[in-house]
Amino acid sequence: MTRREFITLLGGAATAWPFAARAQQTAMPVVGFLRSTPSASFMHVVAAFQQGLKEEGFVEGQNVAIEYRWADNRLDRLPGFATELVRRQVAVIVGNTPAAEVAKTATETIPIIFVTGEDPVRTGLVASLNRPSGNVTGVVFFASGHLGTKRMELLCEMVPKAAIIAVLMDPKFATELSAIEGAGRALGRQILVLNAASERELDAAFSQMVQAGAGAVLVGGGPFFTSQSQRLVGLAARHAIPAIYDARDHVEAGGLMSYATSITGAYRQIARRASTLGTFSRAQSQQTCRSCSQPSSNW
């Protein structure tokens, strides 16, 4: 089934919808939900995805099944999980950036829908934004660089006497670093860049901030940092360093402040779009439940 390809700008995000879906008939569609993170920190994302499905007439356990795979920040587990989902013949695979990259290597036919703050063209997920081609599409938060700049401005307003601002980044998700550094220097601040990709490195980074006399910290994004919300918030509190974060999750964990797009909103919307692909549409047409509604044609 071929669908018209297009891009829609929505709330600071871009959506690029495809493509060629499989022509397999199933009584109940199965979704592969694949993430590189632990499950505990992302149940709100699951709830948002389930809500999006419900808005299109699909309720887990009634007329749709969801196969969850969580890699617990162990990226080496993703290939095996992706292979399992392909063998399970799921109707669609939904995942974050690392998961979508691995899923793309596992199948060329099952639709893959990603949510990412990276440039999907640069990372090779899609050929282009207006014509993604293949079996991969998703939601891209275009405003990441601009949001990073705004976070730096807000942090400097919040802590006006902080001469040194620490910027904590996961090196795999540091595309906005240049914009953040530029914004800080334009505001007359010294920028201390620190990288962390493990729990031990998080502890070491905060120790370095204290030793350098940093008056505040801007915490970057990425699945690992989001999964470590409690730890990051705890370290900032322990060392009495005001912090601004890239996701609401950190504030809900007790953090001081965040400025970001909505991850839950993105997952709710990709669920709605997933329900229009391949076996989803056909399976829904077989349902007799009055609560089932037609997939939305506009988004």
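The following legends describe close-up views of a predicted model.

**View 1. The open sheet of five strands.** Five strands make up an open sheet, and their order is β9-β8-β10-β11-β12. The pairing in this sheet is parallel. At the edges lie β9 (190-195) and β12 (257-258), each of which pairs on one side only.

View 2. Strands β8 and β9 run parallel and are joined by six bridges. Within this pair, Val167 stands opposite Val193 of β9.

View 3. Two bridges connect strand β10 (residues 216-219) to strand β11 (residues 243-245), and the two strands pair in the parallel sense. Leu218 has Ile244 in β11 as its bridge partner. Helix α8 packs on the sheet, where it touches β8 (164-169), β10 and β11. The direction of α8 makes about 165 degrees with that of β11.

**View 4. Packing of helix α6 against helix α8.** Helix α6 (residues 199-212) packs with helix α8 (residues 229-238) at an angle of about 20 degrees, and the axes of these helices are 10 Å apart. Angles under 35 degrees count as roughly parallel, and α6 and α8 are therefore roughly parallel to each other. Their crossing is right-handed. From α6, the residues Glu199, Leu202, Asp203 and Phe206 meet Arg231, Leu232, Leu235 and Ala236 of α8. Sorted by class, this contact of α6 with α8 contains five nonpolar residues and three charged residues, with no polar residues.

**View 5. Packing of helix α2 against helix α3.** The axes of helix α2 (residues 78-87) and helix α3 (residues 97-106) cross at roughly 55 degrees and come within 9 Å. Helices α2 and α3 are therefore oblique to each other. The crossing in which α2 passes α3 is right-handed. On the α2 side, Leu78, Pro79, Ala82 and Val86 take part in the contact, and they meet Pro98, Ala99, Val102, Ala103 and Ala106 in α3. By class, the contact of α2 with α3 has nine nonpolar residues and neither polar nor charged residues.

Technical notes. Residues numbered from 1 in each chain as written. Predicted model: local features only at pLDDT ≥ 70, side-chain atom pairs only at ≥ 80, totals over all residues. Heavy atoms only, no water. Axes fitted to C-alpha atoms, helices over the stretch in contact; angles between N-to-C directions. Helix = DSSP H or I, 4+ residues; strand = E, 2+ residues; numbered from the N terminus. Parallel < 35°, antiparallel > 145°, perpendicular 65-115°, else oblique. Left-handed = near helix turned anticlockwise from the far one by under 90°. Contact = heavy atoms within 4.5 Å. Nonpolar A, V, L, I, M, F, W, Y, C, P; charged D, E, K, R; others polar. Pairing = 2+ DSSP bridges.
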